[in-house]
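This report describes the two-chain model shown below.

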Amino acid sequence: MRDICSGSTQSDREHSSTVPEAVEQAEWQQSNAECLVLETGWDNTQNKMAVELDVFVGNTTIMDEEVYQLWLDGYTVNDAVKVRMEGGVMEECEASADVLLSDTMDQYRTFQMCERLLHSPSKLANQLLFQIPPNRQAMLIERYYAFDDAFVREVLGKKLSKGTKKDLDDIGAKTGVTLKSCRRQFDNFKRVFKVVEELKGPLVENIRHHFLLSDKLGRDYAAIVFFANHRFETGKRKLQYLTFQDFAFCAGQLISNWTVGAVDNMVEDMDVDLDKEFLQELKELKVLITDKDLLDQHKSLVCTALRGKTKAFNEMEANFKNLSRGLVNIAAKLTNTKDVRDFFIDLVEKFIEPCRSDRWTAADMRLYLTHYNNSAHILDTFKHQAVWDRYMVVIKSCIFKMYHD
Amino acid sequence: MPGKLKVKIVAGRHLPVMDRASDLTDAFVEVKFGNTTFKTDVFPKSLNPQWNSEWFKFEVDDEDLQDEPLQVTVLDHDTYSANDAIGKVYIDIDPLLCSEAASVISGWFPIYDTIHGIRGEINVLVKVELFNDLNRFRQSSCGVKFFCTTSIPRCYRAAMVHGFVEELVVNEDPEYQWIDRIRSPRASNEARQRLISLMSGELQRKIGLKVLEMGGNAVVGYLQCFDLEGESGLVVRAIGTACTLDKLSSGSAPNSNTHMHPNTAPASNACNSPSKDGKEPVFGEDLTSSSGPPTPFRALPTTSSSPPPFSPSKPCSRQSSSSDTDLSLTPKTGMGSGGSVGKEAGPLKTLLRQQTQTALEQREFPFFTLTSFPPGFLLHVGGVVSARSVKLLDRIHNPDEPETRDAWWEEIRQEIKSHAKALGCHGVVGYSESTSICEEVCILSASGTAAILNPRYMREGCLDIGISDHRFEEPSPPSCGFCHIPYDELNMPFPAQLTYCYHCRRQKVPDVLFTTINLPQEAAVTGKGCLIQARLCRLKKKAQGEVNATAISNLLPFMEYELHTQLMNKLKLRSMNALFGLHIQISVGENMLLGLASATGVYLTALPAPGGIQIAGKTTGDLSNEHHILTIQKRINDTIAKNKELYQINPAELTEEVVGSPIPEPRQRSRLFRSHSESSDELSELDLSHGKKDAFVLEIDDTDAVEDIHSLLTDAPTPTGFYSCNTEIMPGIYSWTSGVQMFTSVRVFRLSNASLTNQGLNKIFTDLCENLLKSFYFKLRSMIPCCLCQLNFTVAVPEEELIQVAVTAVAMTFDKDQAQEKPADKPTTKGGSETEEQLQFPMELCADASSANTQPSSKISGTVSLLTPAAKLCQNQLVMVLSPGVPENTNVSSRAASVDYGSFADRCSTWLELLRLKAHTIRRGSVKTSRRTQSLIHSVSSLEHCSPLPEGRSRSLRSNRSFRGSPVTVVKMTPLSFLPGTRIIKYLGIINMFFIRETTSLREEGGVSGFLHTFIAEVFAMVRAHVAALGGNAVVSYSMKECMLMENPNKNQAQCLINVSGDAVICVRETDQEPNPSMANIGQTCASGTDGAT
């Protein structure tokens, strides 16, 4: 008999060992290796008699949202059990620690088995292995792709490469997110990036369609992809006060105004890249600072409009030329990839910081930029109204968003 | 060519990457049926190939159609080396052979590999064109419907219940063939899967033939099991109840006789003639004249130990390997059972009973695998009858042939039959059989409930009369009638405590009733029921051969006794008086025996209230001891009081008798019949009554007794909001809502301490079961209020220090508010509303003389002699009758009991005989399919009749075939015969699947737990996929028959075998609101359910 318990090593006879394994399967097994660690944990708590095996499989897959979150957050089984015990679920249901442990193990196993499917969420809907109601599927996906703002803030604009992945433990330590969770989030970013990179059409829609995410999460991922693609500098000390949501908003503005897809949905090119022609045209705006007459004219128009409407009028008047130079120079330099990366740091250094040191209020900022933008239209020798608007609409909203403590 | 099978391979999806270089796969498909193979083109470089093949056509015998599975293999094309297999799909095409079931199989099937599990999915389309075959010698039985459901399936009406059918086929296990040494595990597993699939098909076909022979058209309560005997072979066996079922159509008048199956028509004529005078003598003549040959032994008063009247008979020349007790199934004797006898009304009751009795005795085994019956079918229930027998597998004379096993089961069935007779019953309902194998030792078990069935249902062609004289025949109301004792009060089979029925006050009832069936829906119940389990471990010495068998058979009676005692005590502790769905499993391991008895306790209103439990200390005077006893007594009393409240047991105590003695006369009524089938007429009986001890007390005189009492009290009550039972539905809950969660859970414990005592083991085992239940309650807490139904525990000892418990059950939600209102007048409502469909449930007793033919009695004697060697096999049988009247005071101290044990053991010396027959090592495979030339008559019309699916459906199927976006059909699964809140409109066929999974990378798959978790999920997925492909959306009567796990963590290996079965159905939501939800759930939907039938 080919006895499983005492027979000769079977792999000798296993022809299929030469069959190339599915790539997925390799990943799958890797993730499962962690499961073993969990099982030893089980043994520790059961000294007297070892539970050799313990499984519970429902026809409809049972998933506890609380445990799912703990799993996503990278808790070990034992830690998860502790958290659950503190949560009071035991008293509520007259359960013992053993029961809780067994349940947590089961759920963790289920999640691990599901993880492979979550990597391509569209598979989750037509796979046959787990019977999961559609609303639960949506919940699983949404939570799996959710991320910690603190973590993503650290990774934002970095290259999604192996190198960055190696630094995850540092990031984890800094942000208080477990390494396991960091890895999941990082891999999610990378996975989305890889898929979307090659696709044509609107970025947010592509992400939502391929990963079945909500609108909000889709936009966030679009921002992450966009930042990773352009490698925007976000890590400098001066930018530390900005949150991920600030950046995500700005990314949304850039995507919807400055990319090729922003003007023409039908074009072949993708949403991920900035419109090169537009960037070239931005050089034309230099006339606003190089032409002395134009600069003075612009200043007087703005000052006339602002006079008496704000306490910071004097500072505005005094700084007008500096500020205007700053903004126009940013525009003119955007053809350089290097300068694109520094877009946010430039905005802060050249515009936001001077204003902040002059104690402008948010309302002042709003007032100033509105008039600064509008006045340019009145300049009769200034011919680049369209480019100016396309530039300023983004700059305005970005600065509004970024102008806080 | 009686059939044309057409297969189309449409597409694949989610295939694994087979070529690392390209990260893609060049897939093609081989379609194999019998010996014919077709191939699709290679669809290069895709993980989602679209083959869209032509129709592959197989022209085959319907015999093959029944036996063979369709085999679809997906491979990766490789130009330079051998093609790599991705995986396989086995499709059972049986459902297509029955016109009333599915018409096409179409859908996504998981591609399954025994090493890698599910690897992608394939879309397949299968159709069958079947031609009518009028050859009466045919070997196929296409068209016979099979149901796992152990009641008359909804949307059918039983025109006739013919009775017990059984069959058994044997083959060599491919794992033990010499070739297994050189082939890969994958090849070996696949050979095994294919063989079992083939054997199941053959078995089903043979059972179908028997059914056709009996004039039936369906098998209900079909229970198929396989025994992996190891060296001696692989056995697939099945039992069931043959019926003639009529599909209920919306307009059909239920009282018409036109539903009769054609084959039974002559029989009904036969019964009309004696009905003219309807006198007993005539009946008797009939009996002798026509029933003689097939079952000459029936007439003899057999004791349980008399040599079983083998009647193996090979009716057709062909079946060399089939089991053949089927002759016994043919005695459709011409005893018309007097259609008009009923007219003579009341006084004839006894006559009728005799009639029925004799009528049932016509059959070799008056057994019914059904557990639920139409109202009024069960007249009286006697009690549980069970029989066990220990056999040595290495002593089988001719392991390839089924005769030996047939003889074994035959013996056991005879035992059961005689025990039923001892209880004054002529039939056995809720009958089931099982085995437990460890190395070469095999325990065969059978159990059922002895019962008297309504003679009204025994007659044929006289249904209207039967209904009209209802009130004469049935003086006892249906809500308590089945509790009335079937045996003669003056001549009781065992001493029992009888009282007048607390419901009708007219007839005697026992004080306790044990049964294996579901609670009859019309029964009057007080409060709610609950799951009651008795658990037991017994160590035994490791031994070989006969010594081992002896040791085991010596242990068995003690185990049965103790399980029984535990059940009684726990029943009392819950203040209940009846057990339903009793299932006792005894599992054998190398160094221990495990016993697990599960049942649902109920308080039957008709039975007397159980008394309390009293504790007594042996040594009086010791003050601390006295105090201790008092505390325990208080705890017990508190528990009883608490349970009464919990289960809402507050019977109306209206009578003086009840209050009279809280501690009734404690005479003892349980006894063991112990017998050796070889020794001729000796019947040793064990009286389980504990001597003359008249106090019904638990005596505490040593630590063991204390332990016992403690273990009594350790059963944790179910958390609030939960109920549990092992029957179909919970007595006392009538308002199910639609929430359903079926689950399977498996736990294996390793006993680390080698020097464990029985007590210690018991504790561990009990904790294991209790913890499992606790886990379920916790996991399912979101469903509260809910009830775990059909909790089915299976225990096994897979290795020396392992205990495995597998549970399959369903959690169902219910409406709490409605559940609490006490359905006081429920029985009467039921009785009033019962439709005539339910009443028409005659059993076939009239034989058409034409079929009581063929078997000359000489042949029988011939076979007896042929089987004598088998009878000499080393064996030892133990049979136990659980009487209905087991007393309230089985609670004796274990010390006292052990005295009884000793004397018992002395009396029952085991009788073993050595068999020096050499075990054969080389065997031929025994699945033989001999072909006969068959005359084929088919006409154009028949072709048209069988033409596959209506155009509409195929179109719709094509439309969802698009790869993305076709949502997976939700398939509900339940071990019950119904889904609450829905009605079944169509049965699509039986699901019977067997899978093997093996791994050589156990660690990487998450250890044994990860491995089994994945496998069970995969099995569920494959069951669902098959059901969905048949066009169904649910599986009812689902069960996991086998879950055999072998592991070797050191080698990083594991292997698991799983066998599941169930009925694929289409069910629709119950749109028309039923006024009484309980009706909907208990199966009264038949009539209404037909409206939507397609």
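## Second largest cavity

The lining of the second largest cavity comprises 12 nonpolar, 10 polar and 4 charged residues. The model is a predicted one, and the volume computed for this cavity is about 370 Å³. A total of 26 residues line the second largest cavity, and those closest to its centre are B:Ile91, B:Asp92, B:Ser197, B:Asn992 and B:Met993.

Four elements of chain B give two or more residues each to this lining: helix 1 (62-67), strand 6 (84-91), helix 2 (185-214) and strand 32 (982-999).

## Nonpolar cores

The largest nonpolar core holds 260 residues. The members that touch the most other members are A:Tyr368 and A:Tyr391 in chain A, together with B:Leu70, B:Ile122 and B:Leu604 in chain B. Helix 21 of chain B (residues 1007-1029) gives the most to this core, with 14 residues. A separate core of 34 residues lies apart from it; B:Phe722, B:Phe743, B:Leu772 and B:Phe776 are among its members.

Which residues does A:Tyr391 contact, leaving aside neighbours within four places in sequence? Its partners are A:Trp258, A:Phe278, A:Leu282, A:Leu285, A:Leu327, A:Ile330, A:Ala331 and A:Leu334.

## Composition of the two chains

Chain A contains 23 helices and 1 strand, while chain B contains 23 helices and 34 strands. Of the 405 residues in chain A, 53% are buried; for the 1094 residues of chain B the figure is 66%.

Among contacts with a separation of 6 or more, residues 24 or more positions apart account for 70% in chain A. The corresponding share in chain B is 81%.

## Confidence in chain A

The average pLDDT of chain A is 82, and 85% of the residues score at least 70. Within chain A, helix 1 (residues 23-45) has the lowest confidence, with a mean of 42, and helix 2 (residues 65-72) has the highest, at 94.

Over residues 5-48 of chain A, pLDDT stays under 50. For this stretch, the model has 86 contacts beyond four places in sequence.

## B:Thr73

B:Thr73 belongs to strand 5 (residues 70-76) of chain B. Is this residue, B:Thr73, buried or exposed? B:Thr73 counts as buried because its relative accessible area is 9%, against a cut-off of under 20%.

Leaving aside neighbours within four places in sequence, B:Thr73 is in contact with B:Phe28, B:Val29 and B:Glu30, as well as with B:Gly87 and B:Lys88.

## A:Glu142

In chain A, helix 7 (residues 134-145) includes A:Glu142. A:Glu142 has a relative accessible area of 25% and is therefore partly exposed, since that class lies between the limits of 20% and 50%.

When neighbours within four places in sequence are left aside, A:Glu142 is in contact with A:Leu213, A:Ser214 and A:Leu217. A:Pro121 lies 21 residues from A:Glu142 in sequence, and the C-alpha to C-alpha distance between A:Glu142 and A:Pro121 is 9.8 Å.

Methods:
Residues numbered from 1 in each chain as written. Chains lettered and ligands numbered in written order. Predicted model: local features only at pLDDT ≥ 70, side-chain atom pairs only at ≥ 80, totals over all residues. Heavy atoms only, no water. 1 Å grid on protein atoms, 1.4 Å probe; cavity = no way out; pocket = protein on both sides within 12 Å on 5 of 7 lines; lining within 4 Å. Points joined across faces, edges and corners; volume = space filled by probe spheres on them. Nonpolar A, V, L, I, M, F, W, Y, C, P; charged D, E, K, R; others polar. Core = buried A, V, L, I, M, F, W, Y, C linked by side-chain atoms within 4.5 Å. Buried < 20%, exposed > 50% of the residue type's maximum accessible area, 1.4 Å probe, protein only. Contact = heavy atoms within 4.5 Å. pLDDT = per-residue confidence, 0-100.
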